[in-house]
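Biologist: I would like to learn how to read a fold from its coordinates. Could you walk me through this one, feature by feature?

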Amino acid sequence: MKMPQSLNLVGALISMTASLCAQPTTLPSLPPESRQFDFWIGEWAVTTPDGKPAGTNRIEAIAGGAGLLENWADADGSSGKSLNAYNAAKKQWQQTWVGSNGGILELSGTLVNGHMVLTGEHAAGGRRVMERITWTPNPDGTVRQHWEQSTDGGNTWQTAFDGHYRKKK
Amino acid sequence: MPPELHVLDFWVGEWEVFLVTGPKDGDNRIAKLLGGFALQESWTGTDGHEGKSWFYFYRPEKRWKQIWVTDGGFVKEKALVEGQAEGGVRFRGEIPLGDGRELLDQTTLTPLPDGRVRQVIEQSLDGGVTWQTGYDAYYVRRVKKP
């Protein structure tokens, strides 16, 4: 099928399921940014700042390293998953989180001075709640995940979760 | 589970995917996550390429959305377009082309009476006035061998 040139170019990018022509699919190599969150990959035991178990998390590379899949098991029995990927068109990281209670968060952001900072906002009970989650790789191989929320437009932030990740042996 | 969370139930399963022209194009597995608040698509093409996507019901916007990640590092986002004929579902998104233009990209999944699902992917460069079919395939449910 004869396609306009622009459609062919985009089609090659779009996806393998959308490969437009019978020629072999040649996908562009991953953007270097796709590697920025690799420090989070692994099997982790997660504790609160005072050392109590918060849960376990398994972060897997997916789609040839283009994305990360998070598999969270909370110590309270709840769970959640997230899909993370660098969106080159928007020049940002994006995370979609779904909790076992059906709650969904859409976050986006970038690597800032070595910290992955993803933010989002949603309405809750008629108020705007801003979310900010910061992942920091530490020199000893541990990772800190600090989740903050603001209900006053970002003037003040309260810690919602402060998890310290240590690789499982 | 509210009814709007069931709109993609017909697509859940293990599928072999064949182009309408005949050849097999890949395998796709659609699985519910976390009690059905999200679906995960795991695509493996016969060319060896992989992709993963999530479909999820986003309550703040009261609609289904999709995010798709390929091993080429390409991310696509779509949202459900309501009211398709023949019981199908359609997801549509915009892809910036980098030159100020946007490509509209839509996927329509239609369950067929014989149990197959047809997937048509179309693109438009004129805001949806005309559409070019970029992909057209049948999903055949993988039979579990005893």
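Modeller: Begin with the order of elements. From the N terminus on, chain B reads β-β-β-β-β-β-β-β-β-β. That comes to ten strands and zero helices. Keep in mind that this is a predicted model.

Biologist: How does the radius of gyration of chain B stand against the globule rule?

Modeller: The radius of gyration of chain B is 15 Å, and the globule rule gives 15 Å for 146 residues, so chain B is as compact as a globular protein of that length. Along its principal axes, the C-alpha trace spans about 55 × 40 × 30 Å.

Biologist: What share of the residues in chain B is buried?

Modeller: Buried residues account for 35% of the 146 residues. Contacts can be split by sequence distance too. Take the chain B contacts between residues at least 6 apart in sequence: 22% of them join residues at least 24 apart.

Biologist: Now the sheet. How are the strands of chain B arranged?

Modeller: The general idea first. Strands of a sheet pair through backbone hydrogen bonds, either parallel or antiparallel. In chain B, ten strands form a closed barrel, in the order β1-β2-β3-β4-β5-β6-β7-β8-β9-β10, with antiparallel pairing. Neighbouring strands of this sheet are turned by 25° against each other on average, direction ignored.

Biologist: And what do the strands of chain A form?

Modeller: Chain A also has ten strands that close into a barrel, ordered β1-β2-β3-β4-β5-β6-β7-β8-β9-β10, and the pairing is antiparallel. The twist averages 25° from one strand to the next. For one pair in detail, take β1 (residues 42-47) and β2 (residues 53-62) of chain A: six bridges join them, and they run antiparallel. A:Thr47 has A:Pro53 in β2(A) as its bridge partner.

Biologist: Back to chain B. Which strands does β4(B) pair with?

Modeller: Follow the bridges on each side. β3(B), residues 38-45, is joined to β4(B) by seven bridges, running antiparallel. There, B:Thr44 has B:Glu50 as its bridge partner in β4(B). β5(B), residues 63-70, is joined to β4(B) by eight bridges, again antiparallel. Across that pair, B:Lys52 stands opposite B:Val69.

Biologist: What sits between these strands, and how do I read the turns?

Modeller: Count the linking residues, then look at phi. β3(B) and β4(B) form a hairpin with four residues between them, and B:Gly48 in the turn has a positive phi of about 90°. β4(B) and β5(B) also form a hairpin with four residues between them; here B:Lys62 in the turn has a positive phi of about 50°. The next pairing follows on. Five bridges join β5(B) to β6(B), residues 75-81, running antiparallel. B:Val69 has B:Val75 as its bridge partner in β6(B).

Biologist: Is β4(B) mostly covered or mostly open?

Modeller: Mostly covered. Seven of the nine residues in β4(B), residues 50-58, are buried.

Biologist: Which residues touch the most other members of the largest nonpolar core?

Modeller: A general point. In soluble globular proteins, nonpolar side chains tend to be buried together. Here the largest nonpolar core has 41 residues, and B:Ala38, B:Trp54, B:Phe55, B:Tyr56 and B:Val69 touch the most other members. A second, separate core has eight residues, including B:Val17, B:Ile121, B:Tyr135 and B:Ala137. Now look at B:Phe55 itself. Beyond residues up to four places away in sequence, B:Phe55 touches B:Leu8, B:Ala38, B:Leu39, B:Trp64 and B:Gln66.

Biologist: Why does B:Thr46 count as partly exposed?

Modeller: Count C-beta neighbours. B:Thr46 has 13 inside 10 Å, and therefore counts as partly exposed. B:Thr46 lies in the loop between β3 and β4 of chain B. Leaving out residues up to four places away in sequence, B:Thr46 touches B:Lys24, B:Asp25 and B:Gly26. B:Lys24 is 22 residues apart from B:Thr46 along the chain, with 7.3 Å between their C-alpha atoms.

Biologist: Take B:Pro96 as well. Is B:Pro96 buried or exposed?

Modeller: Exposed, because B:Pro96 has 11 C-beta neighbours inside 10 Å. B:Pro96 lies in β7(B), residues 89-96. Leaving aside neighbours within four places in sequence, B:Pro96 is in contact with A:Ala89 and B:Glu102. The C-alpha atoms of B:Pro96 and B:Lys32 are separated by 30 Å, and these residues are 64 apart along the chain.

How values were computed:
Residues numbered from 1 in each chain as written. Chains lettered and ligands numbered in written order. Predicted model: local features only at pLDDT ≥ 70, side-chain atom pairs only at ≥ 80, totals over all residues. Helix = DSSP H or I, 4+ residues; strand = E, 2+ residues; numbered from the N terminus. Buried ≥ 20, exposed ≤ 12 C-beta atoms within 10 Å, placed from the backbone. Contact = placed C-beta atoms within 7 Å. Core = buried A, V, L, I, M, F, W, Y, C linked by C-beta atoms within 7 Å. Pairing = 2+ DSSP bridges. Axes fitted to C-alpha atoms, helices over the stretch in contact; angles between N-to-C directions. Rg over C-alpha atoms; globule rule 2.2 N^0.38 Å.
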